[in-house]
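Have the model open as you read.

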Amino acid sequence: MIRLERLTKSFGATVAVDHVDMEVPAGEVCVLLGPSGCGKTTTMKMINRLIAPTSGKILIDGRDTAGQDDVTLRRSIGYVIQQIGLFPNKTIEDNICVVPDLLGWDRRRSRARAGELLSLVNLEPATFLKRYPKELSGGQQQRVGVVRALAADPPVLLMDEPFGAIDPINREVIQDEFMKLQAALKKTVVFVSHDIDEAVKMASRIAIFRDGRLIQYAKPDDVLAHPVDSFVADFVGADRTLKRLRLVKVADAMMSEPPRVTAEDTLERAVALMEEHGHVSIVMVGPRGRARGVVRLDLARGRRGTVGENHEPLPGIVAVTDDLRKAVAMMFQHDQTWLACVDDEGFYKGYITQRGITHLLGATYGKS
Amino acid sequence: METLAFMVANWSVILARTLEHLSLVGASIAIAICTAVPIGIAITPNPRAANAVLYAASIMITVPSIALFGLLIPVLSLIGQGIGYLPALVALVLYAQLPIIRNTYAAITNVEPALREAARGMGMTTFQRLREVEIPIALPVIVSGVRNAVVLNIAVAAIATYIGAGGLGTFISRGISQTDVRQLLTGAFSVSVLAIAADLALLGAQRLLTSPGLRT
């Protein structure tokens, strides 16, 4: 856990960070967000004392960092920077082992760990350990930059716009990889960004800075749904509601326990079920409950036969673990107002509608 | 042809002179590295001090060598070493400062700030940062400063014969005073070969000392 207490930094007459109070619970990713010059980077650099605070305190797991030796403190905190900063004169292996070497770890142990860490970010150790940074692409270099920070297994990780210099496609991939890593390692992460999309994706909590002050500190969905003032609202963007789509899972927005029919059912039964629920279509499932197709009310009404003979293919399927962004994208893509939702194994779990999504997002605003 | 015959007949003297020359240059460069590299590193955090030091070293290198030897004679006479090996050595050490200080300073200041920040952020001390990152990265440029200094000093050492420091310059000075073309050419040729050979040898050393990750 990291706690900042009335943390202040002034450079001459300018106050870069102004009485910031905040607490990052252990295992969470806190994204410091704001326009350039808002004090977010200065705040982060005070945590490992690359910048000495003017006043105020920083406590890591209850210990005041001011009382510790700077060098010792920094070795216990992972540090990733935007420019990556791999040492060009060292191999990838030696780069990863910088902090373990400083800490005097046994060489065999640290080199073994370098290999393990590389495979965590999908870089083949046998291929990459003995290479030099210049032989790697930017994305590969930053993967090494991230695992280098993790090498000595520090509880706290500071990341200064780590993915800012990486092309957009690679950025998404490396962000996903990092989130997977973080889910397993549960580090306490302070992450500086100026990209609201990145913040929404990565953060457990977002801290929004302006002119050195902490304006809002809340969960991403709260920041998007209830920005405290017009600055935050402008900063998160007019399309903030769309950004929330990423934060809500299909499972939370779908209607579960939906009516369903099987191939052997008659069309009369399908029509009766649809009328009972007020639906215009119904999903046909296989013998064990996998979504197989759909029957539409306007085609089924007044006809005879079984569902199996009259079904159409499903227009769109979305996984319950997907986020609403994907669901909405799929609706637009297939020109549908609803989608069938299935679990990992393809079992039919529910359906999601445009109205349902609109209602869910609107309901949060209603509260404020 | 005559010159060649002279060289063959006197090869042992030429070898002895070459060794004298090399020992003078070698000792001066060894001392100069020990002073100039630390100075070059020490002035990096302070641009004003850096300018002052580089300026002083440039003035030093502008003084003609024969004049510098002349200036050193009264000074070193105080300890009874007005002529001979010591003043030659002192002059050469002074001449070697500028190329080495300048290259060390430029190389260290050119290390990417991001690398310095990464090194600090990971908990390296200033000394560790120099040893692990800055010096290895700066090394090719520092060695190239040393090469400049070596070539310069081989040339200057040839003049040191006039204050009795020996070396290959002896052939040249005698060649002139005795109007003996053979000696003159022998001296000129040997000094040139020595300079080229030393430069090539250091080029090899420079390649060896450069991390494979820095080679282009």
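Contact here means heavy atoms within 4.5 Å. This is a predicted model, where local features need pLDDT of at least 70, side-chain atom pairs count only at pLDDT 80 or more, and totals for chains, interfaces and linings use all residues. Residues are numbered from 1 along each chain as its sequence is written, chains are lettered from A and ligands numbered from 1 in written order, and side-chain values use heavy atoms, without hydrogens or water.

Let's start with B:His21, which sits in helix H2 (residues 11-42) of chain B. Setting aside neighbours within four places in sequence, B:His21 touches B:Ile154, B:Ala157, B:Ala158, B:Gly167, B:Leu168, B:Gly169, B:Val191 and B:Leu194. B:His21 is buried, at 1% relative accessible area (buried is under 20%, exposed over 50%, partly exposed in between, with a 1.4 Å probe and protein chains only). A polar atom of its side chain lies 3.0 Å from the backbone nitrogen of B:Leu168.

Now for the helix pairs.

| Pair | Axis angle | Axis distance |
|---|---|---|
| H7(B) (residues 126-159) and H9(B) (residues 181-209) | roughly 165 degrees | within 9 Å |
| H2(B) and H5(B) (residues 85-109) | about 40 degrees | 7 Å |

That makes H7(B) roughly antiparallel to H9(B), whereas H2(B) is oblique to H5(B) (under 35 degrees is roughly parallel, over 145 roughly antiparallel, 65 to 115 roughly perpendicular, and the rest oblique). H7(B) passes H9(B) in a right-handed crossing, and the crossing of H2(B) and H5(B) is right-handed too.

Among the H7(B) residues that meet H9(B) are B:Ile154 and B:Ala158, and the H9(B) side includes B:Val191 and B:Leu194.

Definitions and conventions: Axes fitted to C-alpha atoms, helices over the stretch in contact; angles between N-to-C directions. Helix = DSSP H or I, 4+ residues; strand = E, 2+ residues; numbered from the N terminus. Left-handed = near helix turned anticlockwise from the far one by under 90°. Polar contact = N/O pair within 3.5 Å; in protein donor to acceptor, adjacent residues only side chain to side chain.
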